[in-house]
Amino acid sequence: MARVPFVDLKIQYESIRDEIEESIHQVIDQTVFSGGPFVSQFEKELATFCGCEHCIGVGSGTEALWLALCSLGVTQGDEVITVPNTFIATAEAISFCGAQPVFVDVDERTYNMDPTLLEAVITPKTKAIIPVHLFGQMVDMDPIMEIARNHSLFVIEDACQAHGAEYKGKRAGSIGDVGCFSFYPGKNLGAYGEAGAVVTNNPEWANRIRMVRDHGQKSKYYHSVIGWNARMDGIQAAILSVKLRHLPQWNAARQRNAQRYNTLFKGMKEVMTPSEAKYAKHVYHLYVLRVKNRDHLIASLSEEGIYCGIHYPVAVHLQEAYRFLDLNEGSYPVTEQCSKEFISLPMFPELTDEQIKCVVDGVKRHTLQEG
Ligand SMILES: Cc1ncc(COP(=O)(O)O)c(C=O)c1O
């Protein structure tokens, strides 16, 4: 039995059980399982939440990224700039369009794309930039948007970990040309299965993404372009509508929990706590420390029933799948160092003070012993 689980989806479900069961019942009662009114309703709600004109519900965050890229015309021979400090899906979406991922390293404190490195990797083949709002904190978007505009590049925000995060008062997904979300169950806004969404203010791209997610059809069985089945499912949309109403208070609880962790770690020089950039409202999808004795610490905590994670143990450019890019160790030193030192502590809205104290005591005990 976990004393402190890494995430606890059950406890959240218990707090909204009646609303969730009612929403599922409605979908079944109306037998609108694929696309349909619950998907349209959720799309409207998420667009409003993000401050965007359009939202297209799809099957996953990976699909959202891939559809966004395809619909912007990214194709064979193009290059798309992103970071190696991300979940592999960001790079996979680029590869699945036939394009080549080109990486830049991340900032030492925010662990997000370092905009000062962008100009040096832009070539005539560069088509787009994908900044990734990792762990719940948005990338420094102003310099990225400026560089993109100067070079006529698209910006696709990977907001898969940043539901409700803000940059200078603007919500994740609303600054670039297109924003992509994942509703994988453990996300700040998580479905009870797989789901994702694309948001944009451009009606032309919205129509194209809407068409491509549904076999390229404008009307039933009239297919204008070659598309795919990337539709969102009705039950997931209904559940997400319920959960979106709770998201602001859940994000606030995550921020409170992060502050509690920060307070309890204060003065402990063996751990580097997350830093919040001045421009950002961080929503702590993950609370990530840097420590020197990471593997020992994870193993020791797990023996005591305290479960942590690593996001991510191997940088994307060093994954076997991307060996063909021929990017060796040393190519992106900040990302590589972080992948050896990152430890994600338990983080979810319902985490109690006692659980947080238990985690911090465990980290102190094992870190100081090791040192
Ligand atoms: C940064 C990032 N990008 C993309 C994805 C892909 O989303 P999904 O798992 O819904 O396909 C994830 C999900 O974990 C993610 O964290």
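Visitor: How much space lies in the largest cavity?

Guide: This is a predicted model, and the structure holds 2 cavities of 30 Å³ or more. Residues from separate parts of the sequence line the largest cavity, among them Val7, Lys187, Arg254 and Glu350. The space in this largest cavity is about 90 Å³.

Visitor: How do the residues lining the largest cavity divide by class?

Guide: The lining includes Leu9, Pro185 and Phe348, and also Asp8, Gln12 and Asn188. Counted by class, the lining of the largest cavity comprises 5 nonpolar, 3 polar and 4 charged residues.

Visitor: What is the volume of the second largest cavity?

Guide: Its lining includes Arg109, Tyr111, Phe135, His282 and Val288. By class, that lining has 6 nonpolar, 4 polar and 1 charged residues. The volume of the second largest cavity is about 70 Å³.

Visitor: Where does the ligand sit?

Guide: The pocket concerned has a volume of about 480 Å³. Of the 26 residues that line this pocket, Phe87, Gln161, Tyr184, Lys187 and Tyr312 are the closest to its centre. The ligand sits in the largest pocket.

Visitor: Which element gives the most residues to the shell around the ligand?

Guide: Two helices, H3 (61–71) and H4 (89–96), each supply at least two residues of that shell. H3 also gives the most to the lining of the largest pocket, with 3 residues. For the shell around the ligand, the element that gives the most, with 3 residues, is H3.

Visitor: Which residues come nearest to the ligand?

Guide: The shell around the ligand has 6 nonpolar, 7 polar and 2 charged residues. Of the 15 residues around the ligand, those that come nearest are Gly61, Thr62, Asp158, Ser182 and Lys187.

Visitor: What is the distance from a nitrogen atom of the ligand to an N or O atom in the side chain of Asp158?

Guide: A polar contact requires a pair of N or O atoms within 3.5 Å. Asp158 is one of the residues that come nearest to the ligand. The pair formed by a ligand nitrogen atom and an N or O atom in the Asp158 side chain lies at 2.8 Å.

Methods. Residues are numbered from 1 along each chain as its sequence is written. This is a predicted model: local features need pLDDT of at least 70, side-chain atom pairs count only at pLDDT 80 or more; totals for chains, interfaces and linings use all residues. Side-chain values use heavy atoms; hydrogens and water are left out. A residue is near a molecule or strand if one of its heavy atoms lies within 4 Å of it. A polar contact is a pair of N or O atoms within 3.5 Å; within protein, one must be able to donate a hydrogen and the other to accept it, and residues adjacent in sequence count only if both atoms are side-chain atoms. On a 1 Å grid over the protein atoms alone, a cavity is a set of points where a 1.4 Å probe fits but cannot get out, and a pocket is an open set with protein on both sides within 12 Å along at least five of seven lines; lining residues have an atom within 4 Å of a point. A molecule sits in a cavity or pocket if more than half of its atoms lie within 2 Å of its grid points. Helices (H or I, at least four residues) and strands (E, at least two) are DSSP runs, numbered from the N terminus. Ala, Val, Leu, Ile, Met, Phe, Trp, Tyr, Cys and Pro count as nonpolar, Asp, Glu, Lys and Arg as charged, and the others, Gly among them, as polar. Grid points are joined across faces, edges and corners, and a volume is the space filled by probe spheres set on the points.
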